[in-house]
Structures are given as structure tokens and as C-alpha cells.
Amino acid sequence: IYLTSDGQLFLKTNDGMNLINLNSILYFQAEGAYTKLILKERDNLIICKHLIVFQKLLNPHGFLRIHRSFLVNIQKYPFFQSKHRIVKIQENEIPVS
């Protein structure tokens, strides 16, 4: 995993190498030793890295870990319902802990 100077994430998946613009990332979801990358305009990707790796790399770039299983691009979707403790991203409701 590598973050380029122009705000793109360069990472390896089973399908090969991918270059992902940070603005196209909605959120990351932990799935054991893997992380699912949820994208705005592309198919989702599965990366063989723990969520903490992405958190450490992307925290200074507007990504916030709002739950033990979710790292969210808060610059894109800052809506938070304090009553229900969720963040709505498209049709998905992400828990906040």
C-alpha cells in the first residue's frame, strides 16, 4: 500500500495493482485479516491488510475510524445521527461507537 503525492492510493488486490483516488473512497470495512474498500463509482475491492494499516495511512487525509470495523471518509459524508449513533453513506448505515 502506498499513498501518492497527488492523493491516490496504490494497492495490490487479487486482480492486480489498483490506483484509487481518495475522493472515490466511501469507507473501509474490516473483515477479519482483510479489509473491504467501498468505492463510489467502481466495484468494491478486498485487500489482504488489517483496517489499522489504512487508518494509520489515511487518518491525516480525512478518514476517521468511527467503529472498530469501519473507517469513513468524513470529508465526503459528514452526516451523523447522534440519536441512532449511525452515519449514513448512500443506502448504508454505519454504526458509530
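Two strands pair if DSSP finds at least two bridges between them. Helices (H or I, at least four residues) and strands (E, at least two) are DSSP runs, numbered from the N terminus. With those terms, β4 and β5 pair in the antiparallel sense over 6 bridges. This is a predicted model: local features need pLDDT of at least 70, side-chain atom pairs count only at pLDDT 80 or more, and totals for chains, interfaces and linings use all residues. Residues are numbered from 1 along each chain as its sequence is written, and side-chain values use heavy atoms, with hydrogens and water left out.

**Overall layout**

- The protein has 1 helix and 11 strands.
- Along the sequence, the pattern reads β-β-β-β-β-β-α-β-β-β-β-β.
- Of the 97 residues in the protein, 36% are buried. Buried means under 20% relative accessible area, exposed means over 50%, and partly exposed lies in between (1.4 Å probe, protein chains only).

**The open sheet**

- Three strands make an open sheet: 3 strands in the order β1-β2-β3, with antiparallel pairing.
- β1 (2–3) and β3 (16–21) stand at the edges. Each has a single partner strand, so one side of each is left without a neighbour in the sheet.
- β1 and β2 are antiparallel and share 2 bridges. Here L3 has L9 in β2 as its bridge partner.
- β2 and β3 are also antiparallel, joined by 6 bridges. F10 stands opposite L19 in β3.
- A hairpin of 2 residues connects β2 to β3.
- N21 lies in strand β3. Its relative accessibility is 33%, so N21 counts as partly exposed.
- N21 and T4 are 17 residues apart along the chain, and their C-alpha atoms are separated by 9.6 Å.

- β4 and β5 form a hairpin with 2 residues between them. In the turn, G32 has a positive phi of about 70°.
- Across this pairing, E31 stands opposite Y34 in β5.
- β4 also pairs with strand β8 (residues 70–73), in the antiparallel sense, over 3 bridges.
- In that pairing, F28 stands opposite L71 in β8.

**Aromatic rings**

- A pair of aromatic rings is described by the distance of the centres and the angle of the planes.
- Rings of Phe, Tyr and Trp (its six-membered ring) pair if their centres lie within 6.5 Å. Planes under 30 degrees apart count as stacked, over 60 as edge-to-face and the rest as tilted.
- The structure holds 3 aromatic pairs.
- In one of them, F28 and F63 have ring centres 5.8 Å apart and planes at 65°, so the pair is edge-to-face.
- This pair links distant parts of the chain. F28 sits in strand β4 (residues 25–31) and F63 in strand β7 (residues 63–67), 35 residues apart.
- Both F28 and F63 are buried.
- Ring pairs join F28, F54 and F63 into a cluster.

**The nonpolar core**

- A nonpolar core is a set of buried Ala, Val, Leu, Ile, Met, Phe, Trp, Tyr and Cys residues joined through side-chain atoms within 4.5 Å.
- The largest nonpolar core has 16 residues, of which L9, I25, F28 and L37 touch the most other members.
- At least two residues of this core come from each of β2, β4, β5 (34–39), β6 and α1 (51–58).
- α1 gives the most to this core, with 3 residues.

**The largest pocket**

- On a 1 Å grid over the protein atoms alone, a pocket is an open set of points with protein on both sides within 12 Å along at least five of seven lines, whereas a cavity is a set where a 1.4 Å probe fits but cannot get out. Lining residues have an atom within 4 Å of a point.
- The largest pocket has a volume of about 160 Å³. Grid points are joined across faces, edges and corners, and a volume is the space filled by probe spheres set on the points.
- Its lining consists of I1, L11, K12, T13, N14, Y34, I46, I47, C48 and K49.
- β2 (8–13) and β6 (45–47) are the elements that give two or more residues to this lining. The largest share, 3 residues, comes from β2.

**A residue in β10**

- I89 is found in strand β10 (residues 86–89). Its relative accessibility is 0%, so I89 counts as buried.
- I89 and V72 are 17 residues apart along the chain, with C-alpha atoms separated by 9.1 Å.
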